[in-house]
Amino acid sequence: MPVLAEHFQRHWLRIVLGLAILAVFALHVAHRLEWDFLHRLENIAYDARLLATMPRRPDDRIVIVDIDEASLKAEGRWPWSRDKLARMVDQLFDHYGTFLVAFDVVFAEPEEASGLRVVRALRETGLDGSVSARVAELEKDLDHDRAFARALNGRRVILGYFFADPGQEQEAPRVGALPPPVLSKANFAGRNVAFKEAAGYGANLEILQRAALGGGHFISEPDPDGVVRRVPMLYEFEGHFYESLALAVARVALGVEEVRPGFPEDSKAGKRYSQIEWLQLGNVRIPVDNSVRALVPFRGPQGSFPYVSATDVIRGTAPVDALRDKIVLVGTTAKGLLDLRATPVAPDFPGVEVHANLISGILGPPGQTGRETRIMENPAYTLGAEFILLIVSGLIMAVVLPALSPLVATATTVALMLGIVGTNLAIWYWGHLVFPLAAGMVMVLSLFLFNMSYGYLVEERGKRKLAGQFSQYIPPELVDELSRNPDAINVRSENKEMTVLFSDVRSFTTISESLKPEELSQLMNEYLTPMTEIIFRHRGTIDKYMGDAIMAFWGAPLEDAEHARHALQAAMAMLAELRAIQERFQAKGWPAIKIGIGLNTGSMSVGNMGSEFRKAYTVMGDAVNLGSRLEGLTKTYGVQIIVNETTAAAVPEYAYRELDRVRVKGKDKPVTIYEPLGLREEVDKALRGELKLYREALKLYRGENWDMAELQFLNLANAHPDRALYREYVERIAIFRNSPPPPGWDGVFTHQTK
């Protein structure tokens, strides 16, 4: 007991929160706080079990006479003439010896053949004698509805019809004649049954329904996700109850006259339990839910029943053995006739085969017609069993998991989930019970994830908070990396080799003066956003925005051994993106913008720096200042990007143009600066030739051979007038002619401005 008390005292908050999670799921199971996603998961779990346990064996007791594409091509477009349907019925019973025929088709309107209208018009003119008798015979011959009725009369034929959805009383049709109901409200007095009540119907012509043996509705109601899993066995209309097509066919096939509702008080439940659980057909029980819907026991994919083309039946070319003594369902798989349904088996499953599966399930496995059905049961009492199982498993998880190590907790959770799934499958397979699965599984998984994350969230909160502080500087991928490895974060200042980038918009003052304030703000947003995305994409850290300028660095807060390469790749991508930005700005009538970029690789100090009032994660040092100076020199040399010699050496796969050896303002140590031109293999022949001439000119310049150097640079300037670099050297040579550099000059040019 002391150990248990210590356990509760140590983990009381986690246990209480676990019990709260359990309570939420218990409320869902009790239908007090329902979650749609759990219902969707339950449907997915049902479909998975159904697909895994389908027998996948055909049932040749039921044959589908298919109004397929071949039939439509051979016999003409639907609807066919009723005399053709009469011939098909005659063929089925007289030639093929069919046991029963059911139509998954409704014949609600009389057939108005043009010849019949003419004959009736003649008869109304008052003809006499033999002419009148002949007209009467013609009228009889041309009355195809009557011919169809004669074919139905005295044969086992079930006609299909439909009911209009509840809530559509204003638009619901009442067409045709309904068959006799099978039950009335008196059969359900004092019972708690949620019947589907129709607002109207579309039934068959009275002459056809009277001639047929019976009728059944072919309504198949989809679940909220649009998938047909259940079919209403009974539908209520004006206090009477009408059987489904499948129920009507099965009743005739079993030789049963009466349908009786089944209530558990007749067997094992108490008097207070008044919900319907089955329909009784003689010795056969059909499990139903409280809305008198039966789960469709799909045998397998489409084609689990023999298909015979309707045109082959009409023409008598179908094999006789395929139809003799069979239950025949006449329906369609032609897509244009819109009788395809989304089911767990397929997204476009023929509606007629849905009825075939249900009839097969009612009749039981082939060769065992009688007491057992293949229809799964989903009685209301499973709600209580699910609730008890949920509470027991939830209490175990909420109380025990906080004391377990992650490995043991994982093993315990996996064992519990396997136990739940295994028990559920056993109940499904051997007990033919649909026991709920989703809520219990999700609750167990939720309690496991909660317990595993709770300690981590509490214990690592400080480190994760530190990682979160960097989200404004670095891309989300690096934030995730820091969160996974918070020990890698170091905000203390340190010196390390890194690469810094400075970018600035040229003539920004002029641009800002030409735009309204709101336009300028929009322009900067549309410029800075893609540039920042590029820096983030290449693992860069944003240091700050300075008006139109961007400062970024690579190599911190996470180590990056290839910081120079990533920085240069980002800089080149920024220049490429600038061209797309220019096109967008031009379309909006905004001024064109140009940028300069300076990159420097070297030792710099990085960390949280600032005052007691405000600190920022930034870089400082001579290498940072040099990066800023290099960005400023892009204007002098007329290039878009300048890198120092360290950066160029770190990324040898790029081709470079050596711009100069310089001393920047405030620095004594000279540095060689370069313009990156692109990957070496992408540099074309013309540019390689230009670079060769340029290197020769630069060699003459550093050798103080002013005349030859000037000639070379003038030739280059004339050949490439857009290169300001060559004009810069021509002007510099002119200055050196008047004021030669000191003896022993090393070729370094000292810049006096930033």
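This is a predicted model: local features need pLDDT of at least 70, side-chain atom pairs count only at pLDDT 80 or more; totals for chains, interfaces and linings use all residues.
**Exercise 1.** Place Pro-347 in the chain and list what it touches beyond its neighbours within four places in sequence.

*Solution.* Locate the segment: Pro-347 sits in the loop between strand S17 (340-341) and strand S18 (349-350). Next, take the contacts. With neighbours within four places set aside, Pro-347 is in contact with Arg-341 and Ala-342. Val-228 is 119 residues apart from Pro-347 along the chain, and their C-alpha atoms are separated by 9.7 Å.

**Exercise 2.** Work out how helix H23 (residues 706-719) is oriented relative to helix H24 (residues 724-738).

*Solution.* Two packed helices are described by the angle and the distance between their axes. Here the axes come within 8 Å and cross at roughly 155 degrees. Angles over 145 degrees count as roughly antiparallel, so H23 is roughly antiparallel to H24. The crossing is left-handed.

**Exercise 3.** Characterise the residues where H23 meets H24.

*Solution.* From H23, the residues include Trp-706, Phe-713 and Leu-714. From H24, they include Tyr-729, Ile-733 and Phe-736. Now sort the residues of this contact by class: 11 are nonpolar, none polar and four charged.

**Exercise 4.** Summarise the whole protein: what are its secondary structure, burial and contact range?

*Solution.* Count elements: 24 helices and 27 strands. Then burial: 50% of the 754 residues count as buried. Finally, contacts between residues at least 6 apart in sequence: 74% join residues at least 24 apart.

Methods. Residues are numbered from 1 along each chain as its sequence is written. Side-chain values use heavy atoms; hydrogens and water are left out. Helices (H or I, at least four residues) and strands (E, at least two) are DSSP runs, numbered from the N terminus. Buried means under 20% relative accessible area, exposed over 50%, partly exposed in between (1.4 Å probe, protein chains only). Contact means heavy atoms within 4.5 Å. Axes are lines fitted to C-alpha atoms, for helices over the stretch in contact, and angles run from 0 to 180 degrees between N-to-C directions. Angles under 35 degrees count as roughly parallel, over 145 as roughly antiparallel, 65 to 115 as roughly perpendicular and the rest as oblique. A crossing is left-handed if the near helix is turned anticlockwise from the far one by less than a right angle, and right-handed if clockwise. Ala, Val, Leu, Ile, Met, Phe, Trp, Tyr, Cys and Pro count as nonpolar, Asp, Glu, Lys and Arg as charged, and the others, Gly among them, as polar.
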